[in-house]
Amino acid sequence: MANPFPPETSDADLVRRAKAGELDAFEALTNRYEQRIYGLAMRMLRQEQDAEDVTQQTFLSVLENLEGFRGEASFSTWVLRIASHAALKIIRKRKGLNTVSLEEVTEPSDNLNSIPHPEFIADWRQSPEHLVEQNEVRRLLDEALTRLDEKHRLVFLLRDVEGLSVRETADALELSEANVKVRLLRARLQLREDLTRVLGDPARQLVKSHHHHE
Amino acid sequence: MNENCFANKSCNFRPADGSVIKEINTMKCEELLAMLNEYVDGTVDPAVCEEFEKHMAGCNPCQVVVDNIRKAITLYKDGQPYAMPVQFREKMHDALRKKWKEKFPAK
């Protein structure tokens, strides 16, 4: 079916029309976000069936709760929030836990004083532009992501991949902005560390003279 | 790509004569680490940004770390997205239409 809505139609317009009972408007919203949600779920879960479950649950939930959506957050943030909850739920289930709580108590480690210092510092052998095209790199990227704790991974994906602001990421995950910032910093530093161990040029490794471990 | 300090002309500290700056490294690596997010995202205060860049001009490891982080973000952002399987998409849209009809039986 051809999409009856031009691309410039805002999400808010589509939401209004969907609420009024226009199936086409709801489908247009789904078409706009399904790939992003599926991609986020794949990066969180690395398993197709689980990613499909998250995607379908997300849009069923959007349909179920649309009337209650007041537009305080943007539609995209709201959808990403629903998907984040669904993905975390699966991760918790895998770990044998039943509770889902995004608003976890801030851990003692979630402050700036305990941020690990960079250890392996080296220029990379190749530019990202070269690397993006290589399949091998995708595997490396995914593996590095998987090694992140899921709450750091989710913050990184929403902020740096989905492009939400710190405020929006905080809204989506029901966290404080300060907490988002610390988690983001941890995620970025850990990914850098991990990727540098693979992509760094050992010949161009730098040693920090005042490193705290030395 | 995020806007960043490098693109912001109001904050583009470089030693004019190309010399290596040693004595003005007032910011410590730890302080740089604490502001790294804001710097990479281009949301750091211009005065702080200048300090940040002064530090990097005299501290190659910090410069490389910042560069690595930017590259890492670019890799993830520009990486090939996962394509949703077509069959699944059709199945999901069917399920959504069915649910829609339960919700809006008259339409």
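Modeller: The expected span of a helix is 1.5 Å times one less than its number of residues. Keep in mind that this is a predicted model.

Biologist: What distance separates the end C-alpha atoms of helix α9 of chain A, and which span should its residues give?

Modeller: Helix α9(A) covers residues 177–199, which is 23 residues. At 1.5 Å a residue, these should span 33 Å. The end C-alpha atoms agree with that, lying apart by 32 Å.

Biologist: Is α9(A) mostly covered or mostly open, and how many of its residues are buried?

Modeller: A residue counts as buried if 20 or more other C-beta atoms lie within 10 Å of its own. Helix α9(A) is mostly covered. Of its 23 residues, the buried ones number 18.

Biologist: What pattern does chain A follow along the sequence?

Modeller: Chain A has 9 helices and 2 strands. Its 214 residues are 42% buried. Among its contacts between residues at least 6 apart in sequence, 69% join residues at least 24 apart. Read along the sequence, the pattern is α-α-α-α-β-α-α-α-α-α-β.

Biologist: How do α2(A) and α4(A) pack, and what is the hand of their crossing?

Modeller: Their axes are 10 Å apart. The angle between them is about 35°. The crossing is right-handed.

Biologist: Which residues make that contact, and how many of them are nonpolar, polar and charged?

Modeller: From α2(A) come Leu29(A), Tyr33(A), Ile37(A), Leu40(A), Ala41(A), Met44(A) and Leu45(A). From α4(A) come Phe75(A), Ser76(A), Val79(A), Ala83(A), Ala87(A) and Ile90(A). By class, the contact of α2(A) with α4(A) has 12 nonpolar, 1 polar and no charged residues.

Biologist: What domains does chain A have, and what distance separates their centres?

Modeller: The domain assignment gives domain 1 as 11–94 and domain 2 as 112–206. Taken over C-alpha atoms, their centres are separated by 25 Å.

Biologist: Which element gives the largest share of the side of domain 1 of chain A that touches domain 2 of chain A?

Modeller: The contact takes 12 residues from domain 1 of chain A and 14 residues from domain 2 of chain A. On the domain 1 side, α2 (23–45) and α4 (75–94) each supply at least two residues. By class, that side has 6 nonpolar, 2 polar and 4 charged residues. The largest share, 6 residues, comes from α4(A).

Biologist: Turning to the other chain, what share of chain B counts as buried?

Modeller: Chain B has 5 helices and 0 strands. Along the sequence they read α-α-α-α-α. Among contacts in chain B between residues at least 6 apart in sequence, 75% join residues at least 24 apart. Of the 107 residues of chain B, the buried share is 27%.

Biologist: Where does the largest share of the side of chain B that touches chain A come from?

Modeller: In this interface, 33 residues of chain B are in contact with 40 residues of chain A. The elements of chain B that give two or more residues are α1 (29–34), α2 (36–41), α4 (60–78) and α5. The largest share, 14 residues, comes from α4(B).

Biologist: Which residues does Ala95(B) touch, not counting residues up to four places away in sequence?

Modeller: Ala95(B) sits in helix α5 of chain B, residues 86–103. It is partly exposed, with 14 other C-beta atoms within 10 Å. Its contacts across to chain A are Gln56(A) and Leu60(A).

Biologist: What is the phi of Arg46(A), and where is the residue placed?

Modeller: Most residues other than glycine have a negative phi. Arg46(A) is not a glycine, yet its phi is positive, about 50°. Arg46(A) is partly exposed, with 14 other C-beta atoms within 10 Å. Its place is the loop between α2 and α3 (48–65) of chain A.

Biologist: Where is Glu174(A), and what is its phi?

Modeller: Glu174(A) lies in the loop between α8 (166–173) and α9 of chain A. With 14 other C-beta atoms within 10 Å, Glu174(A) is partly exposed. Its phi is positive, near 55°.

Methods: Residues are numbered from 1 along each chain as its sequence is written. Chains are lettered from A and ligands numbered from 1 in the order in which they are written. This is a predicted model: local features need pLDDT of at least 70, side-chain atom pairs count only at pLDDT 80 or more; totals for chains, interfaces and linings use all residues. Helices (H or I, at least four residues) and strands (E, at least two) are DSSP runs, numbered from the N terminus. A residue is buried if 20 or more other C-beta atoms lie within 10 Å of its own, exposed if 12 or fewer, and partly exposed in between; C-beta atoms are placed from the backbone. Two residues are in contact if their C-beta atoms, placed from the backbone, lie within 7 Å. Domain bounds come from an automatic or database domain assignment. Ala, Val, Leu, Ile, Met, Phe, Trp, Tyr, Cys and Pro count as nonpolar, Asp, Glu, Lys and Arg as charged, and the others, Gly among them, as polar. Axes are lines fitted to C-alpha atoms, for helices over the stretch in contact, and angles run from 0 to 180 degrees between N-to-C directions. A crossing is left-handed if the near helix is turned anticlockwise from the far one by less than a right angle, and right-handed if clockwise.
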